[in-house]
Amino acid sequence: DLATLFRAFTLRWHDSLVAHGGPALLRAVREQAPGVRLRFLAESSVDTPELRRGEIDLEANGNRPTAPDVRAERVAETEHVMVVRQGHPLTRVKAVTAARYAEAEHITVSRRGRLGNALDDALARLGLTRRVVATAPTEGAAFEFVRGSDLLVTAPASTTRSAAAALGLTLLPLPLELPPAAVYL
């Protein structure tokens, strides 16, 4: 009986998933199970055993777990977009080409500080290399860099739309083929 349940659930979610889905989940929990509390924890920069030990109830992020005893289900996917400030030089171009995209200065999102990712592989297949000038540990942090510069960040569209709109950022279509961003529970 959800109305009489008193418990805390610990959720380790990617920061953009917390920002995108956390408020709606909390509202639903408050309406249906007012005695339940939610603890949202940030992702770790390394694989950790808390889920296996029962210290985390649900993990949600873009990576399939590597541990064979941890079950995961792919529950969503979304295309990637470029996020730039309003008035960014790429907003004045009729259609951004892969070459123009690669020439821009990029910031990547990596909680582990990785400067490269699948984008670089896709660009390499086209004979292109992008200029990554920095990494940020979260999309929110990357958006702050983008907001005040000519940097661009590539991010999943569905988790980016509301934050980008609130910050006055512009979303542009990605000018190359890239597999969709997945969400695993």
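Strand 5 (80-85) is largely enclosed by the rest of the structure, because 5 of its 6 residues are buried, where buried means under 20% relative accessible area, exposed over 50% and partly exposed in between (1.4 Å probe, protein chains only). Helices (H or I, at least four residues) and strands (E, at least two) are DSSP runs, numbered from the N terminus.

This is a predicted model, in which local features need pLDDT of at least 70 and side-chain atom pairs count only at pLDDT 80 or more, while totals for chains, interfaces and linings use all residues. Residues are numbered from 1 along each chain as its sequence is written, and side-chain values use heavy atoms, with hydrogens and water left out.

**Strand 5 and its partners**

- Strand 5 pairs with strand 8 (residues 153-156) in the antiparallel sense over 4 bridges; two strands pair if DSSP finds at least two bridges between them.
- V81 stands opposite A155 in strand 8.
- Strand 5 also runs antiparallel to strand 9 (residues 169-173), and 5 bridges join the two.
- The bridge partner of V83 in strand 9 is L171.

**Nonpolar cores**

- The largest nonpolar core has 15 residues, and those with the most contacts inside it are M82, L90, Y101, L119, L152, L174 and L176. Such a core is a set of buried Ala, Val, Leu, Ile, Met, Phe, Trp, Tyr and Cys residues joined through side-chain atoms within 4.5 Å.
- Strand 5, helix 2 (98-103) and helix 3 are the elements that give two or more residues to this core, and the largest share, 3 residues, comes from helix 3.
- Leaving aside neighbours within four places in sequence, L90 is in contact (heavy atoms within 4.5 Å) with M82, V96, R100, A104, L152 and L172.
- A second, separate core of 13 residues includes A136, A142, L151 and V153.

- The buried residues of helix 3 (118-125) are L119, A122 and L123. Seen down the helix axis, they fall within an arc of 100°, so they line one face of helix 3; the arc is that of the directions from the helix axis to the C-beta atoms.
- Helix 2 and strand 8 are among the elements that cover the buried residues of helix 3.
- N117 caps the N-terminal end of helix 3, with a side-chain oxygen 2.9 Å from the backbone nitrogen of L119.
- L126 sits in the loop between helix 3 and strand 7 (131-136). Not counting residues up to four places away in sequence, L126 touches A98 and L176.
- G127, which follows helix 3, has a positive phi, near 75°.

**Helix 4**

- Helix 4 (residues 139-147) has E139, A142, F143 and V146 as its buried residues. These fall within an arc of 105° seen down the axis of helix 4, so they line one face of the helix.
- F143 and L126 are 17 residues apart in sequence and 27 Å apart in space, C-alpha to C-alpha.

**The aromatic pair**

- The structure holds 1 aromatic pair. Rings of Phe, Tyr and Trp (its six-membered ring) pair if their centres lie within 6.5 Å; planes under 30 degrees apart count as stacked, over 60 as edge-to-face and the rest as tilted.
- W13 and F40 form this edge-to-face pair, at 5.3 Å centre to centre and 75° between the planes.
- W13 lies in strand 1 (residues 7-13) and F40 in strand 2 (residues 36-41), so the pair ties together parts that are 27 residues apart in sequence.
- W13 counts as buried at 11% relative accessibility, whereas F40 counts as partly exposed at 28%.

Note on methods
Polar contact = N/O pair within 3.5 Å; in protein donor to acceptor, adjacent residues only side chain to side chain.
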